[in-house]
Amino acid sequence: MDPDQLSRAFVEHYYSAFDANRAGLGILYQDESMLTFEGQKIQGSQNIVAKLTSLPFQQCQHSITTVDCQPSGPAGGMLVFVSGNLQLAGEQHALKFSQMFHLMPTPQGSFYVLNDIFRLNYA
Amino acid sequence: MDPDQLSRAFVEHYYSAFDANRAGLGILYQDESMLTFEGQKIQGSQNIVAKLTSLPFQQCQHSITTVDCQPSGPAGGMLVFVSGNLQLAGEQHALKFSQGFEVRSD
């Protein structure tokens, strides 16, 4: 798969997993992974999953508008830049967000998230 | 300077340079640098500057709302994630944008 296909496949997988059961996202992060969520910095897979599962909504649906990617560095990493909408159950209007991932390859041939930065885009 | 201060200093420098004279941004990019601008992929400092200077406006002003940064792995780089507004001269409403950088020391 070329990088664009890889990044689109990752994005589809990530947000499907998030929307179905965000407790299961831990497998995509490792101990050194970092998430900055609306300015709050969190490190490590367990802490990241704790943060995501504590977000104040049960159900949500991401719909992705743009996905851009670039190779990053000698180790086969990939930067992925996403923009889209986030619909929370019961809310009338969707939230707009942007998110940047830095993916690193695993020995098994997949990717894990080393860096993750999430921001809502306010009007 | 800690990473947060470094990233805020970089962001301030980048957008001031952009708004004052974007032809001068070449010094911030190298041959292997990549820009994806609204989906269009460009590589190399010269091509990047050519793209930025060909954007269809003379004057613009960026105002930055958020700056987030994280160290980006063993090669010692820094990811910087910016959101803000872009006001073009003569336009009534500012455009909203987000931009992600990977910054390396040379």
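**Figure 1. Thr36(A) sits in strand S1 of chain A.** This is a predicted model: local features need pLDDT of at least 70, side-chain atom pairs count only at pLDDT 80 or more, and totals for chains, interfaces and linings use all residues. Residues are numbered from 1 along each chain as its sequence is written, chains are lettered from A and ligands numbered from 1 in the order in which they are written, and side-chain values use heavy atoms, leaving out hydrogens and water. Strands (E, at least two residues) and helices (H or I, at least four) are DSSP runs, numbered from the N terminus. Thr36(A) has 3% relative accessibility and counts as buried. Buried means under 20% relative accessible area, exposed means over 50%, and partly exposed lies in between (1.4 Å probe, protein chains only).

**Figure 2. Thr36(A) and Gln70(B) are joined by a polar contact between their side chains.** The contact spans 2.8 Å. A polar contact is a pair of N or O atoms within 3.5 Å; within protein, one must be able to donate a hydrogen and the other to accept it, and residues adjacent in sequence count only if both atoms are side-chain atoms. Leaving out residues up to four places away in sequence, Thr36(A) also touches other residues, including Phe118(A), Asp68(B) and Cys69(B). Contact means heavy atoms within 4.5 Å.

**Figure 3. Phe37(A) and Phe118(A) form a stacked aromatic pair.** The structure holds 18 aromatic pairs over all chains. In this one, the centres are 4.7 Å apart, with 5 degrees between the planes. Rings of Phe, Tyr and Trp (its six-membered ring) pair if their centres lie within 6.5 Å; planes under 30 degrees apart count as stacked, over 60 as edge-to-face and the rest as tilted. The pair links distant parts of the chain, 81 residues apart: Phe37(A) is in strand S1 (residues 29–37) and Phe118(A) in strand S6 (residues 111–121) of chain A. Phe37(A) is buried at 14% relative accessible area, and Phe118(A) is buried at 5%.

**Figure 4. Phe10(B) and Tyr14(B) form a tilted aromatic pair.** The rings are 5.9 Å apart, centre to centre, with 35 degrees between the planes. Both residues are buried. They lie about one helical turn apart because they are 4 residues apart in helix H1 (residues 3–21) of chain B.

**Figure 5. Ser63(B) lies in strand S3 (residues 60–71) of chain B.** Ser63(B) is partly exposed, at 39% relative accessibility. Beyond its neighbours within four places in sequence, Ser63(B) contacts Gly84(B) and Asn85(B). Ser63(B) and Asn85(B) are 22 residues apart along the chain, yet their C-alpha atoms are separated by 5.2 Å.
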